[in-house]
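Open the structure in your viewer and keep the selection tool at hand. The stops below say what to select next and what is there.

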Amino acid sequence: MEFIIEEGKSLNNETSTLILPALSIGNVGQLAVDLLVSSTRAERIGYLDDPYILPCVGNDAYGPTPCGELALPLEAYDSRNNGVALVQQRSPVVKGMMVEFAKNLADFAVDTGMKHVVVLSSLEFMRLQKIDTSSGLQIYYLSSANADGTDDCCERLGWKKLQEYNPAQRTWKFLSTLAEGNVMQEDSLPFEDEPEDEDYYPSLPFAALFSCFKAKGIRVTCLLCYCSEGDNTPEAFSLAEETSKLLGLSLNNPHGEGGKWLIPFSWRTVYGPPPDTSMF
Amino acid sequence: MEDVLTELPPPSRFFQEDLDNFATPPLPLQSPSLLFSSPKPDQPLRPSLLVIALSSPSLYVLHHISSKTLIGSLLLPEIPFSGNSIEPSLGDKSCNIYALNEAENLTLLVLVQCPVSAERSNAVAKLLIGDQIIPERVLILDSVQSQNFRGKLAPDETYVFKLETSAERKGLDGNGCGGSSLLKGLDYFPSGSVLDGLAAALLARCQMRKIRGTLCVSWPRHGVPVVAMVKSLLQRNVLHGFDLSSIGDAKDKSSRFTSIKNYPFDSDMYT
């Protein structure tokens with residue numbers, strides 16, 4: 001992975017926290033990063049060129065009026081006043097190369113001096129064991145702070161540790177081994193029997209990122225929420241809000257359509273154009 | 001009416017394998033390569049303009065430029081030669097490279113007439129730009145991908161949009177001097193929609209290598225009006241020294257470049 005810095009730009013020396021999305025159902029992590037980039041008024045400082053990410057291009061995603069600034073698959077942003085960097089991912093990873101991609105991102109984090117990585121992701125609602133509707137959208141987390149995945153900071157924010165994280169479970173162990181580079185990923189899994197429910201969570205992209213950052217000795221916190229596919233912007237707002245609380249982000253935006261959140265210009269058509277009403 | 005059971009999911013949603021760390025990766029393929037005719041041109045080639053045609057209308061127009069010279073080809077090991085004709089033909093599965101010389105300016109044309117998968121696009125883009133071919137300026141011609149477009153596209157109207165690299169927008173050449181945009185007056189591709197595949201890989205490579213690059217996408221994918229529009233665009237803005245008026249507007253109804261209904265049905269149900 002090559003980090004290409006735009007002319008005249010640089011990564012602030014004070015920046016030590018990296019926020020990035022994991023590909024997940026409803027694209028929630030990516031939508032949340034969109035909100036954070038837009039609302040922290042982060043400046044794009046460069047691109048990441050990786051052989052495992054599929055190509056895509058578009059017009060400026062943030063606005064206020066897109067004027068042709070190119071949007072590429074993997075972009076790096078810096079919010080200087082918050083001391084955070086953000087990486088936005090706009091396209092999928094080559095099938096079967098997620099762990100390699102995660103390793104490359106972990107190397108990038110090491111090379112740029114990151115001390116803490118926050119991964120934003122969502123989980124499939126059908127997998128939720130126990131539904132608690134009493135307090136709105138519950139945020140779950142997974143942290144490298146303790147061996148069992150817990151983190152006092154996250155607990156104080158009212159988040160729940162992902163119960164399905166078990167570092168001794170076979171697939172979590174295999175993923176950890178891959179992340180540490182102690183075995184080559186020649187086969188999909190070293191188990192011959194059918195995948196079980198416990199094998200599902202470590203198969204997800206956020207788990208690859210978690211394991212690879214942890215293997216590099218970087219503190220990593222995954223923020224997760226359950227959702228179904230549809231209009232997932234509410235989940236994105238929730239994840240962005242909780243990220244903001246965790247990191248104490250400063251969002252200086254006038255109250256508008258999104259309150260303190262500056263809604264990216266590209267969100268106007270994120271779910272396609274409005275239906276044709278001429279037939280009515 | 002589309003069958004909801006077999007219909008491809010909308011592009012903003014993932015297949016299960018996209019979210020599986022342990023999905024089986026595709027079989028590794030031999031790297032693509034560039035093959036040049038004899039005598040081998042001096043390398044690297046440094047054209048003032050590299051035009052890469054991906055869309056049917058652009059392929060049609062550029063194929064019919066008679067003054068171009070075949071100088072090489074991009075070889076993809078996964079694309080068989082069987083069925084190709086001896087003389088370059090629009091029906092071939094090929095990726096030929098042609099030279100157009102206008103005074104002292106070398107223009108290279110690449111006619112991409114074979115499918116390049118998304119997974120192969122980065123490798124092909126690296127081969128065409130920045131290694132054996134170092135262009136001053138790049139123009140990529142493709143079609144709007146309706147599945148990735150978030151606006152409305154009427155099948156009986158023609159549209160054309162562009163995307164440019166920062167170097168092109170700022171009008172900078174390698175010496176930092178100003179210059180005008182290659183395709184003036186075209187609207188930018190609307191924000192919220194994306195383009196993927198080889199066209200995206202090529203433009204991204206230009207952006208990251210600080211090369212002046214333009215991606216021009218037209219709609220619809222076939223038809224006489226869009227062929228005429230692309231021809232006019234190229235004549236006005238790009239190939240000033242070449243007379244394209246003798247190139248017909250693809251009125252031959254048997255041509256797959258004219259009729260939308262002749263466009264291959266790309267459903268996985270029918271193989």
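Ala, Val, Leu, Ile, Met, Phe, Trp, Tyr, Cys and Pro count here as nonpolar, Asp, Glu, Lys and Arg as charged, and the others, Gly among them, as polar. This is a predicted model, in which local features need pLDDT of at least 70 and side-chain atom pairs count only at pLDDT 80 or more, while totals for chains, interfaces and linings use all residues. Residues are numbered from 1 along each chain as its sequence is written, chains are lettered from A and ligands numbered from 1 in the order in which they are written, and side-chain values use heavy atoms, with hydrogens and water left out.

**Stop 1: the largest cavity**

Select A:D49, B:N122, B:A201, B:A204 and B:M208, which of the 15 lining residues lie nearest the centre of the largest cavity. On a 1 Å grid over the protein atoms alone, a cavity is a set of points where a 1.4 Å probe fits but cannot get out, and lining residues have an atom within 4 Å of a point. Its volume is about 160 Å³, where a volume is the space filled by probe spheres set on the points, and grid points are joined across faces, edges and corners. The lining is made up of nine nonpolar, one polar and five charged residues.

Now select strand 3 (43–49) of chain A with helix 2 (118–128) and helix 4 (198–208) of chain B; each gives the lining at least two residues. Helices (H or I, at least four residues) and strands (E, at least two) are DSSP runs, numbered from the N terminus. Helix 4 of chain B has the largest share of the lining, four residues.

**Stop 2: the sheet of chain A**

Two strands pair if DSSP finds at least two bridges between them; strands 1 and 3 of chain A run antiparallel and are joined by four. Select A:F3 to find A:L48 of strand 3 opposite.

Axes are lines fitted to C-alpha atoms, for helices over the stretch in contact (heavy atoms within 4.5 Å), and angles run from 0 to 180 degrees between N-to-C directions.

In the loop between strand 2 and helix 1 of chain A, select A:N27. This residue has a positive phi of about 55°, although it is not a glycine.

**Stop 3: where the chains meet**

Show both chains: 45 residues of chain B are in contact with 63 residues of chain A. Chains A and B bury about 4,100 Å² between them, 58% of it on carbon and sulfur atoms. Buried area is the accessible area (1.4 Å probe) that two parts lose on being put together, summed over both. Select B:R13, B:N21 and B:F22, which supply 20% of the area that chain B buries against chain A, more than any other three residues.

Definitions and conventions:
1 Å grid on protein atoms, 1.4 Å probe; cavity = no way out; pocket = protein on both sides within 12 Å on 5 of 7 lines; lining within 4 Å.
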